[in-house]
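Please open the structure in your viewer and prepare to select residues one at a time.

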Amino acid sequence: MKKLILLGLMALALYSCAPQEQTPLDIAEYLSLADSAAIHPNAQQLDRLKGLVPEEAFQPAPDYTDRGYWKDFAKTDLGQYYLNQAAELIDKKPEVPISDEIYRRANREGNRGIYKPRYYRTMDRLEKYILAECMENQGRYLDPIVEHTQAILAMKSWLHPNHDDKDNTVLEGKRVSIDLGARKFALVLTLADAVLTDKLPATLRQEIGTQLQWRITDSYLQSTKELEPESNKWIRSTSNWNSVCTSGTLFSIMVTSDSQEERLQAIGSAINSMRYYMSGFGDDGYCSEGTGYWSYGFGHYLYLAEILYDYTDGKIDLFTFDNPDKLNKVANFPETYQIHPGLYAPFSDGVTRVKSEHNFAYVMAAKYYGSQKPSYFQPDEAVQSIVLGADYQNYISDQAAEVSLPDHTYFDDYGIIISRGQQEQPLSIAIKAGHNAENHNHSDVGSYVIALGDQLPAGDIGAPSYTAGAFAPTNPARSSWGHPVPRIDGQLQSNGIEYAGQITMTEFGDQVDRAEMNLLPAYEVEGLQQLTRRMSNDKSGQGEIEIADSFVASRPLTFGTAIMTLGEYQIIDDSTVILTENGARLKAVVTAVGGEFNLSGEQVPVEHLREGAPAYRIGVDMVEPLTRGEFIVRYSPLSNID
């Protein structure tokens, strides 16, 4: 009997010493263990990660000595792209550091043009040299690699100057912070060290490691532990900053840190941080930042998901995170958000057309979520090419997919309605409720944009370009004055998440789509009791879109609204405006209930708009204060012979 017990104990001991198959991380459970709003993982969370994170650092790609890998990479279209680019740029010199004078001026003026191109040209050249050297293995790129690396290491601050504080404390060496630029400087230097290894001088590799430790690893972990609360506030951001900075930061730590404990803490922090980023999307998949920032932010989220998946052999899966259905809707947002094929509403800081050639997010969405395949792959960063490799060819197609948009799309979480006309030249509208604390917020509850075919002759004018004052809530293109929404008693909409619109009715049909929304919560006006906006899209004939605003107050109030355009306009008579953009012509006819009104046009006093200036505001205002009133604006197409 004793012998049997002894044999059983020996077997149990052998079993417990054997490598155990680790089950994938249950991210919902992991997040439920977090200490309230904490980013740094607690002991329970770290315990869940142990066994999933390898003891050795992450190797994003084989180093240059794996000649088979790099020769195969050189045969791909991506490899040829990097070889050609590197050869063209080989004689270029690094454009950093910039002088303290330029840094301070850029910080003071918000002037990106005097520094940002220099930063990114330097980083982009370096990563091209790195990949080209790995493929060729002839040493001809080593001098420019060393020169560019030393120039980056010599920078006092890796921040975009306008991301430093007004006292330039990062430049002055009083603190350390990570931003969109710093994380990429780190990412490129990390890549150089990981794949070039002993091709680089030992002293240079040591300096890379030293600087990455204090500029990235220490800064990030101190922030997650709340030891540096003023730096890296993006760890709780719901915007693209979080995913972009987190992906670059985690890449650097996973690759360069010799400490498994550091890597565990960083990975655990990143997962906790991503719950904030994902909360910035509606459960309906809506991205309030628009399609341009969807591509940038969600693309880096998918990159983060890829490297964590690869590093942990699929045990940590951010592609599903804690809500697979939501991730699928987010991944397909650009398709569902179109008003017309390739055309989007420029709400917040969104753009009407996605002009960026970089499309990593679209390829990854096709790979993991079955989204429409793009016709090409153009990476934004070399690391994106490495994680996809030749596999990207499975997720692009030279056969243009037929775009078939539904009659309407309703993002019911954020309150965004897209009603698409079905005419030969469709007359369509996108209109939003939303709230006034969205990512890249505009005071735009109730805003809309009207499309005639592939043009937008009326509605939201989009964002101001990023210069000094662009993000001020009083900027005319950011405040509600610069949007086609009411102005009551001379007051504009207030800012904050509580200042929101509420969609109270929707009705979607083959002939007419209708919606009503309560705009009252978006305003702080004494005596204002009701403020309602109604929308209808009559799809019969050439189409007609109607926007009706009505109010009720306990005291007489001035009451007005606005017609906005990025095109040309002509006030024909007391009630009619003709709007023209690139040949698309709309007639806007205004009627009022309760009093007389005036039409008056003026240019929006913002010189630089992302959609291109000038833009115009046609004010529609009651002559006398009223206790109740209504404006109705009816938009209908005009042919060139009208």
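Is Asp283 buried, partly exposed or exposed? Asp283 is partly exposed, with a relative accessible area of 47%; buried means under 20% relative accessible area, exposed over 50%, and partly exposed in between (1.4 Å probe, protein chains only).

This is a predicted model, in which local features need pLDDT of at least 70 and side-chain atom pairs count only at pLDDT 80 or more, while totals for chains, interfaces and linings use all residues. Residues are numbered from 1 along each chain as its sequence is written, and side-chain values use heavy atoms, with hydrogens and water left out.

Next, select Lys326 together with Asp283: the two form a salt bridge, and their closest N and O atoms are 3.7 Å apart. A salt bridge is a side-chain nitrogen of Lys or Arg within 4 Å of a carboxyl oxygen of Asp or Glu. Asp283 lies in the loop between helix H12 (260-279) and helix H13 (291-311), and Lys326 in helix H14 (residues 324-331), so the pair ties together parts that are 43 residues apart in sequence. Helices (H or I, at least four residues) are DSSP runs, numbered from the N terminus. Lys326 is buried, at 9% relative accessible area.

Now select Lys199 and Glu133, whose side chains meet in a salt bridge (2.9 Å, N to O). Lys199 is in the loop between H9 and helix H10 (202-224), and Glu133 is in helix H7 (residues 116-136), 66 residues apart. Glu133 is buried, with a relative accessible area of 0%.

Finally, select Lys156 and Asp100, a salt bridge with its closest N and O atoms 2.7 Å apart. The structure holds 32 salt bridges.

Conventions. Helix = DSSP H or I, 4+ residues; strand = E, 2+ residues; numbered from the N terminus.
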